[in-house]
Each structure stands twice: as structure tokens, then as C-alpha cells.
Amino acid sequence: MANEKRKRIHLIYGCILSVLLILMGIALITSCLDIYNSGDKPYTPESVVNHFHKISPLIYLTIAAIVGGIILNLAIPLPQSRPKAIRDNYEALIRLRSKVDALNPEYDLPAKQEQKKRRSLQIISAVVCVLLCIHPLVYFCNQQNFVGTVTDCVVKAMILCLSYAFVVLLVTFACKLVCQKSVSKEIEIYKKAIAEKAYSPAAPGPKNISNEKMRIFVIRAIVVSVAFVFIVLGIFNGGAEAVLSKANAICMECIGMG
Amino acid sequence: MKNTETSQKKSSLGQWISNHRPTKRRIIQLYAALLANANLKGFKSGWIYMGNAKYACTPGLNCYSCPAASASCPLGALQNALRDSNKTIPFYIIGILMLYGFLFGRFICGFLCPFGLIQDLLHKIKTPKIKKNRLTRTASYFKYVLLAYLVISLPLTYAVQNYPLPGFCKYICPSGILLGAVGLLSNEFNHDLFRSLGPLFTWKFLLLVIFIVGAVFIYRFFCRFFCPLGALYGLFNKISWLGVKMDNSKCTNCGLCVGTCDMDIRHVGDHECISCGKCVNVCPTNAISYKGPKILLAPNETGTPLKAKQNIDPCDAPGTPLPKKTKIVRLIVAITMFAVLGGALVYYNFIHKDPERVTGGEVGNICPEIEMTVYDTNNAPYHGNTISPSDTRGKVTVINFWYIYCGGCVTELQEEFPLLHDKYGDRIEVIVVHSNQEFGSNIPEWINANLSTDSGFIFTRDIENEKFFRDLGGTSAWPITIILDEFGVIQYKVKGNTTFDAMSEVIDNLLNG
């Protein structure tokens with residue numbers, strides 16, 4: 001069978017299965033909400049079984065579709081797709097820079113401008129992100145914000161955190177986008193310079209790998225020593241007992257009770 | 001002719017089996033999931049494992065309220081330890097997390113986490129997939145927000161109020177619902193816990209469905225965007241002993257590794273890398289290999305570039321023939337691992353015994369007679385060293401069993417029970433019984449600091465092996481509340497939280513005859 005036909009069959013099957021899965025998810029959520037809204041102390045084994053009995057045909061259909069997909073994949077396997085390459089622009093820029101000792105002035109100036117632009121943008125976005133973290137920090141340090149019903153306090157704090165986190169992520173994302181464009185521009189400048197031989201090549205020299213390895217070794221040694229010291233200290237100050245005491249009882253909140 | 005056809009079919013069948021056999025990584029994942037949940041008899045008995053093995057933590061996310069859980073969950077243990085951080089610094093759990101981070105980093109996510117395995121299997125369902133992009137890369141930082149807020153800040157904030165609040169476990173963790181709630185509630189012995197389900201369960205079930213459906217369409221949906229444990233381990237990825245590494249001298253920046261990877265990595269081995277090794281086999285210059293002892297995992301050092309189209313688990317990648325010493329060591333390691341798993345299964349399921357399930361203590365029965373020690377607190381109205389239920393005969397008695405690490409118990413004692421004293425005063429007795437297992441907590445000190453001193457409650461400690469609690473049918477879930485009439489007969493019993501209204505209705509009936 002031609003590859004295009006196979007892909008089409010798999011796509012149609014995939015779409016049908018996606019719809020079934022999403023419908024099953026919605027049915028499960030709706031059943032749960034129905035049970036919850038059905039009255040005081042709504043959850044009983046019987047009510048749960050009854051509600052899920054109603055949606056069981058959809059669940060069985062979805063399971064049958066999944067099994068069908070396995071059979072389809074065996075009978076009409078999809079050809080392996082070639083992995084796409086995603087090159088890291090920063091890495092490419094570092095490699096280009098490593099070849100070049102110094103660019104000629106007509107290329108050096110725009111390249112430095114791009115670097116300056118990126119650095120300023122990163123500093124500004126870092127400062128903005130830090131400033132955005134101040135209010136949530138102050139909020140958490142103020143105990144008055146956590147007096148009252150736990151759920152209400154947690155939800156309020158969560159909304160605050162999420163709002164600020166969203167803004168921080170937005171700022172970071174925007175900064176990354178602009179920096180990526182700037183890096184692409186700088187790569188173009190370097191490529192042009194290299195093509196026109198408007199640079200002085202860097203002398204090939206031994207890379208300083210041993211320093212990097214030593215640094216990692218030292219950090220590892222520190223981390224593992226501190227870890228063992230902490231574990232021993234924790235055993236003596238009752239930390240291990242605390243872990244056991246919690247784990248030996250069912251965490252009612254963790255399983256959704258209370 | 002027939003022989004040729006038969007042998008062709010056999011070879012194609014053999015080829016099919018060879019193409020679809022579980023990879024070494026999958027086997028390791030299954031092994032780790034089984035070892036983390038070795039207490040399989042828990043599903044049948046309805047008990048969670050309550051033994052000394054829970055001093056240790058599993059490396060991955062595995063709720064310790066799952067009946068099969070053989071050890072503690074590191075994330076739950078961290079939140080719980082932070083709750084006590086106003087008294088003691090949580091050295092133990094921080095040390096364990098640092099040790100796991102140093103040894104494995106996010107190799108745990110790729111090989112040792114049971115919930116990661118579930119997501120991997122869900123992602124195999126053949127639907128159109130949502131590929132990673134710049135947006136998912138940015139969104140992957142959200143798990144650090146959850147780590148900072150729910151795992152660290154919330155428990156610390158409430159530690160000041162001495163209120164146990166494992167924020168992530170309570171509001172987000174899907175492992176608790178999938179492995180804990182479903183595992184426990186599917187057993188008929190735990191059906192009385194159904195009445196404790198409410199808005200929290202509904203919210204978490206909703207999230208669980210979203211995570212499960214999401215994992216079908218988006219690779220490792222929970223791990224990439226929500227898992228704080230992965231966020232924590234990711235910080236150790238660069239220095240971890242096991243994981244994948246890149247030899248920069250061989251790397252040509254072709255980008256095939258990043259393109260093949262389903263996680264939001266920027267380069268191999270960064271904080272998003274779960275060391276699944278998918279990139280190892282697509283690298284045309286063999287620049288990527290596994291860190292750690294070469295004797296355990298094939299570094300894929302074939303000396304010849306592999307085709308980029310191969311989709312072989314790098315643990316299985318054909319390489320140069322292994323030296324005899326390596327084969328022997330691997331055999332020893334494999335035998336040891338199976339011995340450990342076999343030993344764990346035997347210990348948890350045959351040697352370790354659950355407490356005996358007592359069917360007494362039901363409504364209509366006389367309350368068992370147990371003499372308990374009274375705590376010396378600021379509000380001890382009962383001037384005796386010990387008390388038993390018969391000491392309060394002639395009065396309606398409310399007995400509440402609680403546990404200091406149980407948030408629901410604490411909320412109930414702070415919010416519902418004081419209303420009983422306000423309404424009934426001396427007409428009823430309230431005995432509040434803490435588990436005999438205190439694990440270093442100073443219960444009287446906690447009571448004096450956090451509960452009203454003029455409540456009139458009698459605070460006691462259960463006797464050895466929590467006999468009173470067990471005799472009333474208690475398992476490992478707190479709280480339990482019972483109400484006795486003036487003759488000591490149990491008239492009301494509830495496992496899980498109760499409310500002032502529910503207790504008041506029963507008490508009013510008893511007082512009015």
C-alpha cells in the first residue's frame with residue numbers, strides 16, 4: 001500500500017480515537033460533577049457504580065478503538081519518519097565565534113550591537129521578573145493573608161501566584177523571541193564575514209576540558225558529602241521518624257478526602 | 001515450497017517479536033514500578049503498608065497512601081517535613097533528595113518513576129500528537145512555579161500556624177487519586193471512606209482525567225509542565241552520576257538530537273532531559289552517550305556512525321561485542337536486581353503481616369474498655385492520670401481519634417469540636433484520643449499552642465499498637481468519631497471528617513431521650 005494512503009488511514013483512525021478519548025474524558029468529568037452535585041455526602045459505592053455504568057459503553061468503545069489501533073498498526077504499519085533537526089542558534093553562534101578571532105570593523109560593529117541589545121534585554125527582563133516576584137513574596141510572608149478557611153486562602157494565593165507567573169513567563173517568552181531573532185542576525189553577520197574572509201581566524205588551541213571536569217567533580221563531591229551529612233543529621237534530629245510517621249498513615253487529603 | 005513459506009512466516013514472526021519486544025528501558029521502568037509498589041496484598045486487604053521500610057523514599061512520584069506502596073514518596077515527605085520546619089530543619093529528606101539528585105538527576109523520570117511509566121504507555125495510544133514548540137518550552141517552567149508555591153511556600157507558611165498542609169499532594173498530585181484513592185476505595189473494606197469524598201476529590205479527579213487525556217496527546221504532559229519533583233531533580237542533571245552526556249568535540253550541531261527528543265530540551269543533558277536515550281541512537285557522530293559506569297549501560301561506542309532513521313532503544317543498540325567481564329558483571333547485577341525484587345515481594349506479601357482487622361465497634365455495640373493515659377495539658381479538667389470510656393458512663397460521650405499529621409483532623413478539632421462545648425457545656429464529655437505513635441512530636445505542647453484551653457476536652461493517648469483505635473475498626477486513616485450514649489453503647493460512628501451539625505443531631509436525640 002502506498003505510504004500516502006497508509007498515512008491517511010492512520011490519520012482518520014487517529015482523529016476518531018482522539019474524539020473518543022476526549023468524549024470519554026468529558027463523560028468522566030461530567031459523571032463526577034453529577035455525583036458531587038447530587039446532594040449531601042453524595043459519594044457512595046452505589047452512586048459511583050451507577051454513574052459509571054451509564055458511561056461504560058463509551059469507555060468500552062474507546063478501549064475497543066485502542067485495541068483496534070494496535071491491530072491497525074500491526075496490519076498497516078506507518079513508515080518511520082525521519083527525525084527533524086532543531087538546531088540551537090546559540091550553539092551555532094558559539095561555533096562560529098570559536099572560528100573567528102576578530103571580525104573586520106564593518107562586521108564587528110553590528111555584531112557587538114546585537115550582543116549589547118541582547119544583554120540589555122536579558123537584564124531588563126530579569127529585573128522585571130525579580131520585581132514581579134516581590135509582591136507574591138511579601139504576600140506569603142504576611143501571615144494575616146492565611147488566616148481563615150484554608151481552601152479560600154490557598155485559592156487566593158494561587159490566583160495571585162498564577163497571575164504573576166503568567167506575566168513572568170510572558171516576559172521571558174517575549175525576551176527569548178527577540179533574543180532568538182538577534183542571534184539569527186548575528187549568525188548572518190558572522191557567516192557573511194566568513195564568506196568574504198573579513199575576519200582574522202582564531203588560532204586552534206587545546207580546549208580547557210579538564211577545568212570543566214574538575215569543576216563538576218568538586219560540585220559532585222560537595223553535593224554528595226552534604227547529602228550524607230544531612231541524612232545523618234536528619235536521623236538524629238527525628239527527621240527520619242517524621243517521614244515514617246506520615247507515611248504510616250493514609251494521607252486523607254492526598255487521596256481527596258476532607 | 002511449504003517449508004520455505006513456513007520458514008518465511010516464522011522469520012517474519014520472529015522479526016515482529018524482535019521489533020516489538022519491550023526495550024531494556026521499559027523493563028527497568030516496570031521493575032522500578034513493581035519495586036515501588038511491592039505490597040501487592042494491600043489491594044486485597046485494603047491496608048497500606050505500615051512498616052519500617054517507609055523510612056526510605058522511592059526516587060519517583062509514588063503516593064504512600066497507595067495500598068501497594070512499599071516506601072515513602074519524596075515529595076510528600078518533603079512537604080510534611082517543611083510543615084515541621086518551625087521546630088526542626090528537615091535535613092533528612094533534603095539529604096535524600098540531594099543524594100537521589102546526585103546519583104540520578106532526571107534519570108529517575110526516564111527510568112524509575114511509576115507515573116512516568118504510566119504516561120509513556122498512554123502516549124503510545126495512536127492519536128495525533130501535539131509536538132513541542134517554543135510555547136511548550138516556556139510553559140515547562142510552570143513546574144518551578146508549582147515547586148516554589150505548593151511544595152515549599154505553602155507548607156512553610158502554614159508551619160507557623162502548626163497546620164499540616166502538603167500543598168501539592170492535597171491540590172494537584174494525580175498519583176494520590178490514581179494509586180491512592182482508586183486503590184483504597186476499590187476495596188470493600190474501605191467503602192466507609194466514600195462518605196469523606198467531597199469537593200476536594202471532585203477537583204482532583206477532574207485534574208487526573210485532564211492529566212491522563214493530556215498524556216495521550218502530549219508526551220509526558222504531567223512531567224513536563226506540572227511535576228515539581230522533576231523540576232527539583234532537573235537542577236542536578238548536569239552533575240548527576242547517571243544520565244546522558246554530549247561529547248562536544250564530536251558534536252556538529254546538526255540538531256537531530258534536539259529534534260528527536262520529545263522533551264523540551266535545548267541541548268542534551270539540560271534540566272529538561274529525562275535521559276531516555278532516544279537521542280543516543282540518532283546522533284550521526286556518536287557524540288551522545290550515557291554517563292556512569294560503562295559496564296551497566298551501552299555507551300553506543302560503535303566507532304561507526306549509525307543511520308539516523310533507526311529507532312532502537314540505545315540500551316539495546318548493537319555495538320562492539322561486549323567483553324566477557326562486562327557480561328559477567330551484568331549477569332550478576334541482573335541476578336541481584338531480581339533477587340531484590342523477589343525478596344521485596346516475599347517480604348511485603350508474605351512475611352510482613354497487616355494488623356488484624358476488627359469488625360467490632362459498630363453502632364449498637366458496647367464501646368470497648370481501654371484505659372488510656374491523659375495528656376498533661378493546660379486545660380485538663382479531668383484530674384486523673386488515666387481514663388477509660390466507662391469513667392464517663394451516665395453522660396453522652398464523644399470520642400474522636402486524631403493524628404497530628406492529619407490536616408483534616410486538625411481542622412475538625414479547631415473548627416467543629418469547639419462548637420460542641422459552646423452548645424452543650426458539661427452535659428457531654430469529649431475525649432480526644434491521639435495515636436500512640438507520636439514520633440517525637442510533643443503532643444501536649446501542640447495542644448496547648450493550637451487548641452482552645454477552655455474547651456473542656458480530655459486529651460488522651462491511645463495504648464500500644466493503637467488498640468482502642470483498632471478495636472473500633474480503625475485502619476490507617478484518621479479521624480474517626482464515635483458517640484456513646486449514657487450506657488456506653490455506640491450510637492454514631494464515622495470514619496473521616498464529621499461536622500458539628502451531624503454530631504449535634506445525634507447528641508440532641510440522645511439527650512432528649
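Tutor: Two strands pair if DSSP finds at least two bridges between them. The model discussed here is predicted.

Student: How many bridges join strand β5 (residues 396-402) of chain B to β6(B)?

Tutor: The two strands run parallel. One bridge partner of Val398(B) in β6(B) is Val430(B). The number of bridges joining β5(B) to β6(B) is seven.

Student: Why is strand β6 (residues 428-434) of chain B largely enclosed by the rest of the structure?

Tutor: In a regular strand the side chains alternate between the two faces of the sheet. Ile428(B), Val430(B), Val432(B) and His434(B) point one way from β6(B), while Glu429(B), Ile431(B) and Val433(B) point the other way. A residue counts as buried if 20 or more other C-beta atoms lie within 10 Å of its own. β6(B) is largely enclosed because, of its seven residues, the number buried is seven.

Student: At what angle do helix α4 (residues 74-83) of chain B and helix α5 (residues 91-103) of chain B pack?

Tutor: Two packed helices are described by the angle between their axes and the distance between the axes. The axes of α4(B) and α5(B) are 9 Å apart, and the crossing is left-handed. The packing angle is about 150 degrees.

Student: How do the residues of the contact of α4(B) with α5(B) divide by class?

Tutor: From α4(B) come Pro74(B), Ala77(B), Leu78(B) and Ala81(B). From α5(B) come Ile93(B), Ile96(B) and Leu97(B). By class they are seven nonpolar, no polar and no charged.

Student: How many residues of domain 2 of chain B are in contact with domain 1 of chain B?

Tutor: The domain assignment gives chain B domain 1 (21-236 + 326-349) and domain 2 (372-511). Their C-alpha centres lie 34 Å apart. Domain 1 of chain B brings 13 residues to the contact, and the number from domain 2 of chain B is twelve.

Student: Which element gives the most to the side of chain A that touches chain B?

Tutor: The contact takes 77 residues from chain A and 94 residues from chain B. Elements giving two or more residues to the chain A side include α1 (3-36), α6 (150-195) and α7 (209-236) of chain A. With 14 residues, the element that gives the most is α1(A).

Notes
Residues are numbered from 1 along each chain as its sequence is written. Chains are lettered from A and ligands numbered from 1 in the order in which they are written. This is a predicted model: local features need pLDDT of at least 70, side-chain atom pairs count only at pLDDT 80 or more; totals for chains, interfaces and linings use all residues. Two residues are in contact if their C-beta atoms, placed from the backbone, lie within 7 Å. Helices (H or I, at least four residues) and strands (E, at least two) are DSSP runs, numbered from the N terminus. Axes are lines fitted to C-alpha atoms, for helices over the stretch in contact, and angles run from 0 to 180 degrees between N-to-C directions. A crossing is left-handed if the near helix is turned anticlockwise from the far one by less than a right angle, and right-handed if clockwise. Ala, Val, Leu, Ile, Met, Phe, Trp, Tyr, Cys and Pro count as nonpolar, Asp, Glu, Lys and Arg as charged, and the others, Gly among them, as polar. Domain bounds come from an automatic or database domain assignment. A residue is buried if 20 or more other C-beta atoms lie within 10 Å of its own, exposed if 12 or fewer, and partly exposed in between; C-beta atoms are placed from the backbone.
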